Structure formats: C-alpha cells, structure tokens
Amino acid sequence: MKCSHRDSHRVQLPLKALLLFAPACVLFACARKNEPAAAAPTAPPAVHYEAHVQAGGATPPGGTLSNPHAGDAAVAKQGALVFTSMNCDGCHGGDASGFIGPNLGDGRWRYGAADAEVFNSIYYGRPKGMPAFGGMLGTEGVWMLVTYLKSLPPPDDVPTEAWVEKDK
C-alpha cells in the first residue's frame, strides 16, 4: 500500500504540534516551581517555663508570649462563641465547668495557668485527649479562647483540692 503525500501530512501535523507544545509545558512547569509558596501560618515561639528542669543548668532559648487581648470583655465574648463553635464544651462542659475534660474555670491548670501556658495547651494540644487547635484557629483564635477562659469567675466551691506534694 502506498502512502500518499496527504497521509504523511496527517502524521506530521500531530508530531509538529507535540514538538511545539512540549517545550511550553516544560516552561510552564518550571515557572510554577519558582513561584513563592503560600505563607504558612507562623507558630508562636517556644515558651520558657520556670518549672522545667534544665539539663546541666543550661536553659534552652524560649520566647515570650503575651495575650494581646488580656482583660478585653468583647474578645472574651467572642472567645465564648469560639469555645462553643469548636465544640470545646463537648469535653469541658458548658461554661468550661468540666465534664470529660477538666474544669477550665477553677484556676487549676495541669500545664500552667499563665496566659502563655494556656495558649500552648490549646495551640499545640496535650497528651491524653487535648487536640491541637492552632492549625485550625491560628494564634488570634487561640488568644480569643485564652481571653475567654481567663475571664471565667472561679467557682464558689471547688469539689477537689489541687494536689500539692508534701514535705517528707
């Protein structure tokens, strides 16, 4: 069977298109690699806790976190809405009074009651059940929660006492 000039033209046209299209694809792919990535949310600095034991007496570097909304009633009100919308009350009960998770209004915090320590508990989570919410809420949302929790009045009657090691 003979191949006519017209048939060979049909084979060459897709080949020419491919040869023209391939370099454009490569250039496009290379250009996309050089684009700056979307800025990832920045994590707060590590916090230095006085209660931590320092190996060899050498304190690791740590930043200082301070609540930009401390004492702001309007932000505390927004934090209450975040508390409910994120289903924090599912573990910590209504008004953070305790349920499956601990009471957050009694002023007794396992990992520290300073604003920065509460921030880290919410932002990074804690072992045995406290998820890290920093990825979902960001620093602003977590500070709103901290402001809300710190605004809660302590209960009149705390059902148990804080554990304190007695001198032997």
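In this predicted model, a polar atom of the Asn103 side chain lies 3.2 Å from the backbone nitrogen of Asp106, and the side chain of Asn103 also reaches the backbone oxygen of Ser97 at 3.2 Å. Asn103 belongs to the loop between α3 and α4, within a protein that has five helices and zero strands.

**Overall make-up**

- Read from the N terminus, the elements follow the order α-α-α-α-α, and of the 168 residues of the protein, 26% count as buried.
- The accessible surface of the protein amounts to about 12,600 Å², and carbon and sulfur atoms account for 61% of that surface.
- When contacts between residues at least 6 apart in sequence are considered, 56% of them join residues at least 24 apart.

- Asn103 has a relative accessibility of 19%, and because the cut-off for a buried residue is under 20%, Asn103 counts as buried.
- Once neighbours within four places in sequence are set aside, the contacts of Asn103 are with Ala96, Ser97, Gly98, Arg108 and Pro155, and Ser97 is also the residue whose backbone oxygen the Asn103 side chain reaches.
- Ala96 is likewise placed in the loop between α3 and α4, and with a relative accessibility of 0% it counts as buried.
- Not counting residues up to four places away in sequence, Ala96 touches Phe83, Asn103, Leu104, Gly105, Tyr148, Leu149 and Leu152.
- The C-alpha atoms of Ala96 and Ala80 are 9.5 Å apart in space, while the two residues are separated by 16 residues in sequence.

- Two packed helices are described by the angle between their axes and the distance between the axes.
- For α4 and α5 the angle is about 140° and the axes are 9 Å apart, and the two helices are therefore oblique to each other, in a crossing that is right-handed.
- On the α4 side, the residues that meet α5 are Asp115, Ala116, Val118, Phe119, Ile122 and Tyr123, and on the α5 side they are Gly134, Gly138, Thr139, Val142, Trp143, Leu145, Val146, Leu149 and Lys150.

**α2 and its packing against α5**

- The axes of α2 and α5 come within 7 Å and cross at roughly 105°, and these helices are therefore roughly perpendicular to each other.
- Val75, Ala76, Gln78, Gly79, Ala80, Val82 and Phe83 of α2 meet Leu137, Met144, Leu145, Thr147, Tyr148, Leu149 and Ser151 of α5.
- Met136, which is found in helix α5, counts as exposed at 62% relative accessibility.
- Met136 and Met86 are 50 residues apart in sequence, yet their C-alpha atoms are 9.6 Å apart in space.

**Residues with positive phi**

- Most residues other than glycine have a negative phi.
- Asn87, which is not a glycine, has a positive phi of about 65°, and Asn87 lies in the loop between α2 (73-85) and α3 (89-92).
- Lys128 is a further residue other than glycine with a positive phi, near 65°, and its place is the loop between α4 (115-124) and α5 (134-151).
- At 87% relative accessibility, Lys128 counts as exposed, because the cut-off for an exposed residue is over 50%.

Technical notes. Residues are numbered from 1 along each chain as its sequence is written. This is a predicted model: local features need pLDDT of at least 70, side-chain atom pairs count only at pLDDT 80 or more; totals for chains, interfaces and linings use all residues. Side-chain values use heavy atoms; hydrogens and water are left out. Helices (H or I, at least four residues) and strands (E, at least two) are DSSP runs, numbered from the N terminus. Buried means under 20% relative accessible area, exposed over 50%, partly exposed in between (1.4 Å probe, protein chains only). A polar contact is a pair of N or O atoms within 3.5 Å; within protein, one must be able to donate a hydrogen and the other to accept it, and residues adjacent in sequence count only if both atoms are side-chain atoms. Contact means heavy atoms within 4.5 Å. Accessible areas come from the Shrake-Rupley method with a 1.4 Å probe; for residues, only the protein chains shown count as cover. Axes are lines fitted to C-alpha atoms, for helices over the stretch in contact, and angles run from 0 to 180 degrees between N-to-C directions. Angles under 35 degrees count as roughly parallel, over 145 as roughly antiparallel, 65 to 115 as roughly perpendicular and the rest as oblique. A crossing is left-handed if the near helix is turned anticlockwise from the far one by less than a right angle, and right-handed if clockwise.
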